[in-house]
Amino acid sequence: MLKRVWVLLLLSVLATAAQAFNLTDSNGKVHRLADYKGKWVLVNFWATWCPPCLEEIPDLVALHEDKKNKVAVIGIAMEYKDSKYVLDFADQQMISYPIVLGNNALAKQVGPVRGLPTTYLFNPQGKVVAYNVGALSRADVEKYISTNK
């Protein structure tokens with residue numbers, strides 16, 4: 001019971017803390033939460049050295065490719081030394097969704113990152129409705145969206 005109250009409290013704090021973001025991807029395009037009204041937005045914090053991050057990339061690519069009209073995926077690379085390495089890595093992984101080169105200050109626009117991967121899901125009205133630390137699958141995301149329309 002106490003754990004459930006903690007999770008609900010955490011989600012309500014996150015929902016009020018991160019209501020907007022302004023992220024510039026590796027191609028120079030700016031992504032604002034307000035630009036995605038009417039779509040689900042999945043923001044995924046990851047790193048090239050992180051095995052669970054690498055595990056979920058194919059599912060995130062498939063989600064991005066198959067649900068473009070309904071779901072936007074944005075990847076934020078964290079804890080890197082060389083931006084070229086990150087972008088080459090993203091190309092090798094055939095990541096088709098936008099990649100943002102992140103840092104702790106940028107991450108604060110979205111919410112706390114307590115481990116990698118960390119994923120935030122915003123509903124079509126722009127509110128944080130789910131938060132996950134650890135790998136997730138396309139099926140997890142689609143199930144959540146279908147049950148929380």
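**Exercise 1. The nonpolar core**

Task: State which residues touch the most other members of the largest nonpolar core in this predicted model.

Solution. 
Step 1. The largest nonpolar core holds 44 residues.
Step 2. Within that core, F21, V41, F45, W46, I76 and F122 touch the most other members.
Step 3. Take F45 from this group and list its contacts, leaving out residues up to four places away in sequence. The partners of F45 are then I76, M78, A107, V110, V113, L116, P117, T118 and Y120.
Step 4. For the protein as a whole, 44% of its 149 residues count as buried.

**Exercise 2. The order of the elements**

Task: Give the number of helices and strands, and the order in which they follow one another.

Solution. 
Step 1. The protein has five helices and seven strands.
Step 2. Read from the N terminus, the order is α-β-β-β-α-β-α-β-α-β-β-α.
Step 3. Now consider contacts between residues at least 6 apart in sequence. Of these, 69% join residues that are at least 24 apart.

**Exercise 3. Helix 2 against helix 5**

Task: Describe how the axes of helix 2 and helix 5 are placed, and which residues make the contact.

Solution. 
Step 1. Helix 2 covers residues 51–66 and helix 5 covers residues 138–147. Their axes come within 8 Å and cross at roughly 45 degrees.
Step 2. Because of this angle, helix 2 is oblique to helix 5.
Step 3. On the side of helix 2, the contact is made by D59, A62, L63 and D66. On the side of helix 5, R138, V141 and E142 take part.
Step 4. Sorted by type, the residues of this contact are three nonpolar, no polar and four charged.

**Exercise 4. Salt bridges**

Task: Find how many salt bridges the structure has, then work through three of them, including the one between D66 and R138.

Solution. 
Step 1. Side chains of opposite charge can pair when their charged atoms come close. A search of the whole structure gives five salt bridges.
Step 2. One of them joins the side chains of R32 and D35, with an N to O distance of 3.7 Å. R32 is partly exposed, at 39% relative accessibility.
Step 3. Another joins K68 and E65, whose closest N and O atoms are 3.9 Å apart. Here K68 has a relative accessible area of 43% and is partly exposed. E65 is partly exposed as well, at 38%.
Step 4. The side chains of D66 and R138 also form a salt bridge, 2.7 Å from N to O. This pair links distant parts of the chain, with D66 in helix 2 and R138 in helix 5, 72 residues apart.
Step 5. Compare the two partners with the cut-off for buried residues, which is under 20% relative accessible area. D66, at 49%, is partly exposed, whereas R138, at 19%, counts as buried.
Step 6. Salt bridges that share partners bring D66, R138 and E142 together in one network.

Technical notes. Residues are numbered from 1 along each chain as its sequence is written. This is a predicted model: local features need pLDDT of at least 70, side-chain atom pairs count only at pLDDT 80 or more; totals for chains, interfaces and linings use all residues. Side-chain values use heavy atoms; hydrogens and water are left out. Axes are lines fitted to C-alpha atoms, for helices over the stretch in contact, and angles run from 0 to 180 degrees between N-to-C directions. Helices (H or I, at least four residues) and strands (E, at least two) are DSSP runs, numbered from the N terminus. Angles under 35 degrees count as roughly parallel, over 145 as roughly antiparallel, 65 to 115 as roughly perpendicular and the rest as oblique. Contact means heavy atoms within 4.5 Å. Ala, Val, Leu, Ile, Met, Phe, Trp, Tyr, Cys and Pro count as nonpolar, Asp, Glu, Lys and Arg as charged, and the others, Gly among them, as polar. A salt bridge is a side-chain nitrogen of Lys or Arg within 4 Å of a carboxyl oxygen of Asp or Glu. Buried means under 20% relative accessible area, exposed over 50%, partly exposed in between (1.4 Å probe, protein chains only). A nonpolar core is a set of buried Ala, Val, Leu, Ile, Met, Phe, Trp, Tyr and Cys residues joined through side-chain atoms within 4.5 Å.
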